[in-house]
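Here's a quick briefing on a handful of residues worth a look.

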Amino acid sequence: MLLLLLLQFQSLLISLNSSYNWDSMNMDSEVSTSRSTSFHDFLNRMRHPASLDLVRSIKSFIVSFSFYPPKPENDGKRVQDFFLSMEATIRDHPLWTSASEEDIDCAMEGLEKYIMTKLFSRTFSASPEDAKIDNEISEKICLLQTFLKPEHLDIPPSLHNESSWLLAEKELLKINAFKAPHEKLLSIMNCCRIINNLLLNAAMTERVPAGADDFLPVLIYVTIKANPPRLHSNLNFIKSYRRQAKLISEAEYYFTNLVSAKTFIVDLNAKSLSMDEIKFEESMQAAKLAEKVTRESSSTCQMSQQEKNECSCSKKMHDKLDDTEVFQVLQPGTNYPYMEAKSKELTVGDVEILLIHYKDLVAKYTILCKAISCLSTSEREPLLRHLEKQGAATLLSQQRGIIPETSDPHPHQDN
């Protein structure tokens, strides 16, 4: 028997759903333009000299809020209280003396976007527990994606519409493209509107009433197919920082449905689905095994690629080391004029030159050690013999064990 938490929604009227049609989706570009215009209007007003007091209050709040460590249980209330305080201030401000309710609302939408964009890194997924839950949900959805079908959620065939589901998924995935709670919420609403329109179209075709009993299963299925990253954190962020006066009606209905979809997925087991319990457990175990194999295979591929890159690098280094010009730096009387010098012969003016040569020597020594350690035995021995012939006896003795007993390239100095 499918348990879809429908008791939470029996009190909600289906008339709320039926009041929206495809026209609302066709107006998305207009709504987006309106949001952008509202925000830019807000910023323009904030640049007016008369708004200096508002700007100071906003900046002061952002600085003070950022100063304290995150407290998810209190942060939402602090932001909501500031929104209420600023709304009262804006209503009494000279710049909005003759403003309509729509103008005030636009100003508050702009304020919310500005504040939460500035505080996003401080408020989104502020608790380590949020990130943990996000990962757990995402991992479980990955397992469910391998075998879950619409019939397991009792979704009727009349609602099996891949194109509509895909559109809904794309809208839901947009949630992470925004930082403002309002825009994140709109992504959820657009997703749900597509599902709602699917129900309405199916109802007209099948001549049966559309119901909330069908809405939630489809939303659950779309959410599983989409697997939006950081779902838990996004829902918490919207709940805490979307102005409470705006989280009502249609927005509240759709938001609550997605929260219930997330809860259903978290608690999902064989009894939640129209699926044999043994078959469910077998499917989950098979999915876990496949995921483990994929993960290990990916890890192996990465290691192989890394080894391939290292071998390629060592080959290039080997080719370079075969160049007689490279070995000339180890020969006395050429690039290192102090090879035959005695400590008594050195002057203060030689220090800077010696330091330059010392740094050059350490760099080349380090590169040479790494290159030789990457070589196979068949490649290493000829190279070491080559080095010996070039007079690098000290380097040869250190490299016999591939890894030097001491990594100190400093030569002993005469006292």
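Predicted model: local features only at pLDDT ≥ 70, side-chain atom pairs only at ≥ 80, totals over all residues.

Residues are numbered from 1 along each chain as its sequence is written, and side-chain values use heavy atoms, with hydrogens and water left out.

**A loop histidine**
- Histidine 93 sits in the loop between α5 (72-91) and α6 (101-118); helices here are DSSP runs of H or I with at least four residues, numbered from the N terminus.
- Its relative accessibility is 5%, so histidine 93 counts as buried (buried is under 20% relative accessible area, exposed over 50%, partly exposed in between, with a 1.4 Å probe and protein chains only).
- Setting aside neighbours within four places in sequence, histidine 93 is in contact (heavy atoms within 4.5 Å) with Ala50, Ser51, Asp53 and Leu54.

- Serine 125, in the loop between α7 (120-123) and α8 (128-144), has a positive phi near 50° despite not being glycine.
- Serine 125 is partly exposed because its relative accessibility is 24%.
- Aspartate 154 is another non-glycine residue with positive phi, near 60°, and its place is in the loop between α8 and α9 (162-173).
- With a relative accessible area of 39%, aspartate 154 is partly exposed.

**A helix leucine**
- Leucine 231 belongs to helix α12 (residues 231-241) and is buried, at 4% relative accessible area.
- Beyond neighbours within four places in sequence, leucine 231 is in contact with Asp134, Thr223, Leu258 and Lys262.

Definitions and conventions:
Helix = DSSP H or I, 4+ residues; strand = E, 2+ residues; numbered from the N terminus.
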